[in-house]
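Please look through the sequence and the structure below before reading on.

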Amino acid sequence: YQQARRAQHGLARIKRIHFEQVVGATTSPVASPLALTYATLPEQRIFAARLQASRVVANQLIGGDFEDLGKMRQAGWQHFEHTVPGLLEAVELSPAEPHSGRFSLRLRVMASDPKTSPSVVASPPLWITSPPVPVRTGQLIQIHGWVRVEMPNPQPVDGLQVIDSLTGAALSERIGPTAGWREITLYRVVPPSASSLALTFALSSYGQADIDGMSVAPVILPTVGQPIPPFPATAGSVRLPVETG
């Protein structure tokens, strides 16, 4: 039993190294559903190679530049609040250093009274939902944009959540404090049960989140797969811990 446990531990370390080599340390683990488990890493490598030769179609999300409130309302953007005693919520188009254009979408959750306000926000008190974007079964969709998040210390587990209606909260992008603007890119495949895609931006704790330049666009992959690069070699031998006892 001890020898089997040691062997499994060593294999788990090797799997983790391979995972980081394929997915990359700077890529979000939810950017692609194929990058979620070790079993689908070969498919992720093929997908990443084909993606380099892909073509992104024009943006289909109306109002994702957050420049015109009237245009956003007409398109179907919605603002929701879950009132919590002791919390103040605010949503606005902010001119404070947007990533592009004149404005960015700003979400804020503040304590009305630090002495009486809850120390932990149990559920998102504030969220914004985009209008549905028509999609077709089997389409590959790119979700792209920029976010800037400021959170107080200690940092919460969930800051800003970017949720797409195809995969739900389980594969949501959870973003804590950022050093300035941070780019996000997610890829989703439309299942047979879906005919539209909507985005939800939920602020799950105290702080401030700015969102700008959001787009939802179909991706056209090459019909013939690109050559798959050889698996990257590790930088030297991999040393595994030695257990005694």
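## A loop residue and its surroundings

In this predicted model, Gln139 is in contact with Arg188, Val189, Val190 and Pro218, when its neighbours within four places in sequence are left aside. Gln139 lies in the loop between strand E6 (133-134) and strand E7, and with a relative accessibility of 13% it counts as buried, because the limit for a buried residue is a relative accessible area under 20%. A polar atom of the Gln139 side chain also lies 2.8 Å from the backbone nitrogen of Arg136.

## The protein as a whole

The protein has 245 residues, of which 38% are buried, and it contains three helices and 13 strands. Its accessible surface comes to about 13,700 Å², and carbon and sulfur atoms account for 56% of that area. Of the contacts between residues at least 6 apart in sequence, 77% join residues that are at least 24 apart.

## An open sheet of five strands

Five strands form an open sheet, in the order E2-E5-E12-E8-E9, with antiparallel pairing. At the edges stand strand E2 (78-81) and strand E9 (173-175), each of which pairs on one side only. Neighbouring strands of this sheet are turned against each other by 15 degrees on average, with direction ignored.

Within the sheet, E8 and E12 run antiparallel and are joined by five bridges, and Val162 stands opposite Phe201 in E12. In general, the strands of a sheet pair through backbone hydrogen bonds, in either a parallel or an antiparallel way.

## The largest nonpolar core

The largest nonpolar core has 38 residues, and those with the most contacts inside it are Leu160, Leu197, Leu199, Phe201, Ile211 and Met214. The elements that give two or more residues to this core are all strands, namely E4 (104-111), E5 (126-129), E7 (140-150), E8 (160-164), E10 (182-189), E12 (199-203) and E13 (207-220).

What does Ile211 touch, not counting residues up to four places away in sequence? Its partners are Phe66, Ser104, Leu105, Leu107, Trp146, Val147, Leu160, Trp181 and Phe201, and among these, Leu160 and Phe201 are also listed with Ile211 as residues with the most contacts inside the core.

Gln208 is found in strand E13. Is Gln208 buried or exposed? With a relative accessible area of 15%, Gln208 is buried, and, leaving aside its neighbours within four places in sequence, it is in contact with Arg106, Leu107, Arg108, Arg148, Val149, Glu150 and Leu203.

Glu183, which is found in strand E10, is partly exposed, with a relative accessible area of 43%. Not counting residues up to four places away in sequence, Glu183 touches His144, Gly145 and Trp146. The side chains of Glu183 and His144 are joined by a polar contact of 2.5 Å, while the C-alpha atoms of Glu183 and Trp146, which are 37 residues apart along the chain, are separated by 4.5 Å.

## A helix packed against other elements

Helix H2 covers residues 41-51, and its buried residues are Leu41, Gln44, Phe47, Ala49 and Leu51. These buried residues of H2 pack against helix H1 (2-23) and also against the strands E7, E10 and E13.

Key
Residues numbered from 1 in each chain as written. Predicted model: local features only at pLDDT ≥ 70, side-chain atom pairs only at ≥ 80, totals over all residues. Heavy atoms only, no water. Core = buried A, V, L, I, M, F, W, Y, C linked by side-chain atoms within 4.5 Å. Buried < 20%, exposed > 50% of the residue type's maximum accessible area, 1.4 Å probe, protein only. Helix = DSSP H or I, 4+ residues; strand = E, 2+ residues; numbered from the N terminus. Contact = heavy atoms within 4.5 Å. Polar contact = N/O pair within 3.5 Å; in protein donor to acceptor, adjacent residues only side chain to side chain. Pairing = 2+ DSSP bridges. Axes fitted to C-alpha atoms, helices over the stretch in contact; angles between N-to-C directions. Areas by Shrake-Rupley, 256 points an atom, 1.4 Å probe, with all protein chains shown as cover.
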